[in-house]
Amino acid sequence: MVVDQLREDELDRLFQAFADSTRRDIVRRVTVGEYSVSGLAALYAMSFAAVQKHVAVLERASLVTKEKRGREQIVRGNHEGLQKARRLLDEYEAIWRQRVDRIADILAEG
Amino acid sequence: MSVTGTTKNLEALSFTLTAEFDAGVERVWQLWEDPRQLERWWGPPTWPATFEKFDFEAGGKAGYYMTGPEGEKAGGWWRFTSIQPPARLEFDDGFADHNGAPVEAMGTTHVTVTLEEDGGRTTMTVATIFESEEQMEQMVQMGMEEGMTGAVGQIDAILAEHANA
């Protein structure tokens, strides 16, 4: 079901994006508030260019959006993410409903 | 219908399900306590789970894998954080590589199971808290037969990336 709705290459980008701890940290921060790329760069012991690269990976995975504001590039969490979370919770519910059905079948055996 | 209610919290990335079974609490507890019985319902029919290791005690670990129609394997582990038979069970659930070693980068979910008996019937509540949306996505794929093949491919890709890093 998940694979039907999310194309394989989208999944590749998504998992590549979260396989790195700095990128996971960036996602956590920009989900709560907006940051400029230079603001993010100040948080990590790495160059502006390296942080910019991480943001680009996250952008390709549709986890964040980037927008120019004056001289700054503003990074925000992608709101479609919340919709995705809702869908995922629905699918997780389906998994557990199936498990409960299997448990009921086992218990019915006596 | 066995499922009596579900609650989802998008911000907290949590999911709670309540189900009622026509059996006593000791019997329902066995379905969690006995890995051979757990294997009969944890995985979808086309991706059955095999628990290779099952130290059912607080601090103990369990290791399992799920086997697909083409012989594909997807591994996972549990760490029991609290066991109070036959009423309450808590564990962390994460992904494992082909050797059963935890893949920390993929996060864990925390699961709390409570069982309550009333008049010979048992109410089971399963509360799950996810660490991140990405991790929830992977967990959903692990549980869905339609998503399993893709999930195995993703785990392989992440493991390969870590091996090359």
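Two strands count as paired when DSSP finds at least two bridges between them, and strands (E, at least two residues) as well as helices (H or I, at least four residues) are DSSP runs numbered from the N terminus. This is a predicted model, in which local features need pLDDT of at least 70, side-chain atom pairs count only at pLDDT 80 or more, and totals for chains, interfaces and linings use all residues. Residues are numbered from 1 along each chain as its sequence is written, while chains are lettered from A and ligands numbered from 1 in the order in which they are written.

**Exercise 1.** Work out in which order the strands of the chain A sheet lie, and which of them stand at the edges.

*Solution.* Begin with the order, which is β1-β3-β2 in an open sheet of 3 strands with antiparallel pairing. Next, β1 (35–36) and β2 (64–69) of chain A each have a single partner strand, so they stand at the edges with one side lacking a neighbour in the sheet. Finally, β1(A) pairs with β3 (residues 72–77) of chain A over 2 bridges in the antiparallel sense, and A:Tyr35 stands opposite A:Val75 in β3(A).

**Exercise 2.** Describe how helices α3 and α5 of chain A cross, and which residues meet there.

*Solution.* First, the axes (lines fitted to C-alpha atoms over the stretch in contact, with angles from 0 to 180 degrees between N-to-C directions) of α3 (residues 21–32) and α5 (residues 48–60) of chain A come within 10 Å and cross at roughly 70°. That makes α3(A) roughly perpendicular to α5(A), a term that covers 65 to 115 degrees. Then, taking contact as C-beta atoms, placed from the backbone, within 7 Å, A:Thr22, A:Arg23, A:Ile26 and A:Val27 in α3(A) meet A:His54, A:Val55, A:Val57 and A:Leu58 in α5(A).

Technical notes. Parallel < 35°, antiparallel > 145°, perpendicular 65-115°, else oblique. Contact = placed C-beta atoms within 7 Å.
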